[in-house]
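Subject: Structure handover

Dear colleague,

Here is the structure I said I would pass on. My notes on it follow below.

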Amino acid sequence: GVDRAHELHWRKPVYVRPEAKPVADDLDVAMVQWFATRSIPAKVLRRNKISLQVVYMPQVEDRVKAICFPFYRGEDFVNAKYRDREKNFRMEAGAERILYGLNDIEPERCVIVEGEIDKLSMEVAGITSCVSVPDGAPAINAKNYDSKFTFLDSAADKLETVKEWIIAVDNDPPGTRLEEELVRRFGQGRCKRVRWPEGCKDANDVLTKHGAAALKTCVEKAEEFPIEGVIYLSQLKKEMQLLY
């Protein structure tokens, strides 16, 4: 019995393969208008195969209209995230969690964000090599925090090809913990971090408040992670000015 249990534990999970939702040539007008309020144009929605679907939403125990963000690995439709007007979310039951935008990874540099809308925002700023974690940042005190990152393990081969990771997650405690975990996994030497302007929590905040050029500048100005024991001139700037 023990051997059998051990064997089952190591078996790869079997995931449900959902059917891809049809994407109409004409995007839903209300959906396009909603994205426009987030400064995301229709051409970005089309490239990312975003559509409006009627789905069952457990939080309201009813079928509702919801925006569908499809998750692809190559040509394969692997999962989808649905978001309704009330900001309820759900993914396909029993389907595999993978990075959103997996097909867009380019080996020179890839940005990683904390939400689908942040990935779309990066595209508006001209940055398509960008992925999002599928479920946002786990809660800081989540049990088995380490186990929340199977979506990285399943894409390890592709992620290892990336020379430089730009970590552009939310400016809040769960985002900080997520950043630490990503640096630990990717290796500090190939990671940089984005610092958002005052009053902005994420990429879409910067896009809507300051525009696409400002968001691109945030990525271009990403900082290297400080190495322990090394002091940088920029850190001493204030003290040096005071001396003079």
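**Strands and pairing**

V113 stands opposite S132, a residue of β6. The model is predicted, so please read everything here as computed from it. The strands behind that pair are β5, residues 110–113, and β6, which run parallel to each other over three bridges. Both belong to an open sheet of five strands with mixed pairing, in the order β6-β5-β7-β8-β9. At its edges are β6 (130–132) and β9 (223–224), each of which pairs on one side only.

β2 and β3 are antiparallel, with eight bridges, and N79 in β3 is the bridge partner of F71. The two strands make a hairpin with two residues between them, and in its turn G74 has a positive phi of about 65°. β3 goes on to pair with β4, again in the antiparallel sense, over three bridges. Here R83 stands opposite F89 in β4. This second hairpin has four residues between its strands, and K87 in the turn takes a positive phi of about 65°.

N88 sits in the loop between β3 and β4 (89–91). Is N88 buried or exposed? N88 is buried, because its relative accessible area is 16% and the cut-off for buried is under 20%. Leaving out residues up to four places away in sequence, N88 touches M57, Q59, V60, Y82 and R83.

**The largest pocket**

The largest pocket holds about 440 Å³ of space. It is lined by 19 residues, and those closest to its centre are R83, K87, F89, E114 and G115. Some of these have come up already: R83 and F89 are the pair that stand opposite each other between β3 and β4, and K87 is in the turn of that hairpin.

Which elements supply at least two residues each of the lining? They are β3 (76–84), α4 (116–124) and α8 (203–210). α4 gives the most, with three residues. By residue type, the lining consists of twelve charged, four nonpolar and three polar residues.

α4 is worth a separate note. Eight of its nine residues are buried, so the helix is largely enclosed by the rest of the structure. The buried residues are E116, I117, D118, K119, L120, S121, M122 and E123. Just after α4, G126 has a positive phi of about 85°.

**The cavity**

How many cavities of 30 Å³ or more are there? The count comes to one. The largest cavity contains about 50 Å³ of space. Its lining is made up of A20, K21, V23, K49, S51, C68, P70, Y72 and F77. Six of these residues are nonpolar, two are charged and one is polar. Strand β2 (residues 62–73) has the largest share of the lining, three residues. β2 is also the strand that pairs with β3 over eight bridges.

**Cysteines**

A search of the whole structure finds zero disulfides. A disulfide is a covalent bond between the sulfur atoms of two cysteines, and the cut-off used here is a pair of sulfur atoms within 2.5 Å. C68 is one of the residues that line the largest cavity, and C68 is buried, with a relative accessible area of 2%.

C218 is a second case. The closest cysteine sulfur to that of C218 is in C200, at 7.6 Å, and that is also too far for a bond. C218 is buried too, at a relative accessible area of 11%.

That covers what I have on this model.

Regards

Key: Residues are numbered from 1 along each chain as its sequence is written. This is a predicted model: local features need pLDDT of at least 70, side-chain atom pairs count only at pLDDT 80 or more; totals for chains, interfaces and linings use all residues. Side-chain values use heavy atoms; hydrogens and water are left out. On a 1 Å grid over the protein atoms alone, a cavity is a set of points where a 1.4 Å probe fits but cannot get out, and a pocket is an open set with protein on both sides within 12 Å along at least five of seven lines; lining residues have an atom within 4 Å of a point. Grid points are joined across faces, edges and corners, and a volume is the space filled by probe spheres set on the points. Ala, Val, Leu, Ile, Met, Phe, Trp, Tyr, Cys and Pro count as nonpolar, Asp, Glu, Lys and Arg as charged, and the others, Gly among them, as polar. Two strands pair if DSSP finds at least two bridges between them. Buried means under 20% relative accessible area, exposed over 50%, partly exposed in between (1.4 Å probe, protein chains only). Contact means heavy atoms within 4.5 Å.
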